[in-house]
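Subject: The model you asked about

Hi,

Have the viewer running while you read, if you can.

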Amino acid sequence: MRLFFCNQEKEITLKASEYLRKWGIRNITHSPCPIKEKTDSALNFATIRIIRPGSPDLNVNPLSAEIRFEEKRLRECRCGKGPVYDGFRYAELVRSHLPQGIDYLAEK
Ligand SMILES: [Zn+2]
């Protein structure tokens, strides 16, 4: 199993590792946040932001300030804080940044 560390949530990831080990999962690998410094994806993250709770509408035409916000968030690895995103699209976007050449299914 591989867990990814984000700057702001490092303690949560360490605690999760402790619990997983107590449950018998011994093969835990820690890796750095896959989207940290991926500022070239700022526009993509800005467009999948939910703009109104209760509405399926996404932020399809983000303002330049919103894109700069995403650039800063990615540069500082402020994952898990701030805007709410479309979860499926967020997962797809993060997945596209996972390190290549690792057999994630083999790391159960
Ligand atoms: Zn992060």
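Predicted model: local features only at pLDDT ≥ 70, side-chain atom pairs only at ≥ 80, totals over all residues.

The protein chain has a mean pLDDT of 91, with 99% of its residues at 70 or more. Helix α2 (residues 42-47) does best at a mean of 98, while strand β1 (residues 2-5) has the lowest confidence at 88.

**The overall layout**

The protein chain contains four helices and two strands, and from the N terminus they come in the order β-α-β-α-α-α. Its C-alpha trace spans about 45 × 30 × 25 Å along the principal axes. Of the 108 residues, 13% count as buried. Among contacts with a separation of 6 or more, 74% are between residues 24 or more positions apart.

β1, helix α1 (residues 10-22) and β2 form a right-handed β-α-β unit. The two strands run parallel, and four bridges join β1 to β2 (residues 29-32). If you want to find the pairing on screen, Arg 2 has Thr 29 as its bridge partner, and Leu 3 has His 30.

Next along β1 is a residue I looked at in more detail. Phe 4 sits in that strand and counts as partly exposed, because it has 18 C-beta neighbours inside 10 Å. Leaving out residues up to four places away in sequence, Phe 4 touches Ser 31, Pro 32, Cys 33 and Pro 34. Phe 4 and Leu 74 are 70 residues apart in sequence, and their C-alpha atoms are 14 Å apart in space.

Is α1 tucked away or in the open? None of its 13 residues is buried, so α1 lies largely in the open. Its length also checks out: at 1.5 Å a residue the helix should span 18 Å, and the end C-alpha atoms are 19 Å apart, which agrees. Just after α1, Gly 24 takes a positive phi of about 100°.

**The core**

Which residues make up the largest nonpolar core? There are nine: Cys 33, Ile 35, Ala 42, Phe 45, Ala 46, Ile 48, Leu 74, Cys 77 and Cys 79. α2 gives the most to this core, with three residues.

Ala 46 is one of the nine and belongs to helix α2. Ala 46 counts as buried because 25 other C-beta atoms lie within 10 Å, where the cut-off is 20 or more. Beyond its neighbours up to four places away in sequence, Ala 46 touches Asn 59, Pro 62, Glu 66, Ile 67 and Glu 70. Ala 65 is 19 residues from Ala 46 in sequence, and the C-alpha to C-alpha distance is 9.9 Å.

Cys 33 is another core member.

Most residues other than glycine have a negative phi. Two residues here are worth a look with that in mind.

- Glu 37 has a positive phi of about 75° although it is not a glycine. Glu 37 lies in the loop between β2 and α2 and counts as exposed, because it has 12 C-beta neighbours inside 10 Å.
- Cys 77, as promised, has a phi near 55°, which is positive in a residue other than glycine. Is Cys 77 buried or exposed? Cys 77 is buried, because 20 other C-beta atoms lie within 10 Å.

Cheers

Technical notes. Residues numbered from 1 in each chain as written. pLDDT = per-residue confidence, 0-100. Contact = placed C-beta atoms within 7 Å. Pairing = 2+ DSSP bridges. Right-handed = clockwise from strand over helix to strand, strands pointing away. Core = buried A, V, L, I, M, F, W, Y, C linked by C-beta atoms within 7 Å. Expected span 1.5 Å × (residues − 1).
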